[in-house]
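Keep the structure open beside you as you read.

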Amino acid sequence: MRYVSPIPNIVLLCVFVLTLFFSLPNQAGGQRLCLPSKLFQGFVWIVGVSMAITATLNVTKWIDFIYFFSYVKLFVTAIKYLPQLIFNFRRKSTKGWSIYMIYLDFFGGLMSMLQMLTLSYNFSKFLISAQ
């Protein structure tokens with residue numbers, strides 16, 4: 001049996017925990033997380049930790065752990081501007097809202113797709129058409 005270093009897994013787990021720690025809401029100014037956000041964050045914690053444990057025990061693969069967070073990212077990206085959209089609609093104004101964050105988000109998504117295409121090409125999994 002080949003020895004696999006646990007260091008990458010520990011680093012990934014630390015990044016995961018730090019990211020979730022810094023996502024805790026800022027309680028200044030009476031701001032609070034709404035119930036759907038708390039439920040979603042709880043879901044991500046429970047599933048993320050359980051997937052990390054099962055991957056550590058070799059029940060599942062680490063790639064499934066990564067895929068889970070890619071789906072979380074996809075979901076969050078799809079709905080993250082919804083509160084701002086509702087707020088702007090109710091005010092009938094976009095004062096104080098900057099389009100530059102949308103540009104950065106779009107560019108980040110474009111770079112993510114380019115990375116996926118590059119990885120699939122490097123691993124010879126890049127197919128234009130099924131033959």
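At 64% relative accessibility, K92 counts as exposed (exposed means over 50% relative accessible area, buried under 20%, and partly exposed in between, using a 1.4 Å probe and protein chains only). You will find K92 in the loop between α4 and α5. K92 is not a glycine, yet its phi is positive, at about 60°.

Before going further, please note that this is a predicted model, in which local features need pLDDT of at least 70 and side-chain atom pairs count only at pLDDT 80 or more, while totals for chains, interfaces and linings use all residues. Residues are numbered from 1 along each chain as its sequence is written, and side-chain values use heavy atoms, with hydrogens and water left out.

- N58 also has a positive phi of about 60° without being a glycine.
- The position of N58 is in the loop between α2 and α3, and N58 comes after helix α2.
- With 64% relative accessibility, N58 counts as exposed.

**The chain as a whole**

- The protein chain has 5 helices and 0 strands (helices are DSSP runs of H or I with at least four residues, strands are runs of E with at least two, and both are numbered from the N terminus).
- Reading along the sequence gives the pattern α-α-α-α-α.
- The chain has 131 residues, and 10% of them count as buried.
- Take the contacts between residues at least 6 apart in sequence: 42% of them join residues at least 24 apart (contact means heavy atoms within 4.5 Å).

- Helix α2 covers residues 35-56, which makes 22 residues.
- From its first C-alpha to its last, α2 reaches 31 Å, close to the expected 32 Å (the expected span is 1.5 Å times one less than the number of residues).
- Which residues of α2 are buried? They are Q41, V44, G48, M51, A52 and A55.
- These residues cover an arc of only 110° around the axis, so they sit on the same side of α2 (the arc is that of the directions from the helix axis to the C-beta atoms).
- As background, an α-helix has 3.6 residues a turn, so residues three or four places apart point the same way.
- The face of α2 turned away from the buried side carries the exposed residues L35, L39 and I46.

**A nonpolar patch on the surface**

- L13, V17, W45, I46, V49, I53, L57 and V59 form a nonpolar patch on the surface (patches are made of residues with over 30% relative accessible area and no salt bridge, with nonpolar side chains, namely Val, Leu, Ile, Met, Phe, Trp and Tyr, joined within 5 Å and like charges within 9 Å).
- Together, the patch residues have about 730 Å² of accessible area.
- Helix α2 gives the patch its largest share, 4 residues.
- Both α1 (7-22) and α2 supply at least two residues each.
- V17 belongs to helix α1, and V17 is partly exposed, with a relative accessible area of 37%.

**A salt bridge**

- How many salt bridges does a search of the whole structure find? The search finds 1 (a salt bridge is a side-chain nitrogen of Lys or Arg within 4 Å of a carboxyl oxygen of Asp or Glu).
- K80 pairs with D105 in this salt bridge, and their closest N and O atoms are 3.1 Å apart.
- K80 lies in the loop between α3 (62-79) and α4, while D105 is in helix α5, so the pair ties together parts that are 25 residues apart in sequence.
- K80 is partly exposed, at 36% relative accessible area, and D105 is partly exposed too, at 23%.

**Two more places to look**

- N88 lies in helix α4 (residues 82-91) and counts as buried, at 11% relative accessibility.
- Leaving aside neighbours within four places in sequence, N88 is in contact with S93, T94 and W97.
- G109 has its place in helix α5 (residues 100-122) and is partly exposed, with a relative accessible area of 29%.
- G109 and T77 are 32 residues apart along the chain, and their C-alpha atoms are separated by 9.3 Å.

Definitions and conventions. Areas by Shrake-Rupley, 256 points an atom, 1.4 Å probe, with all protein chains shown as cover.
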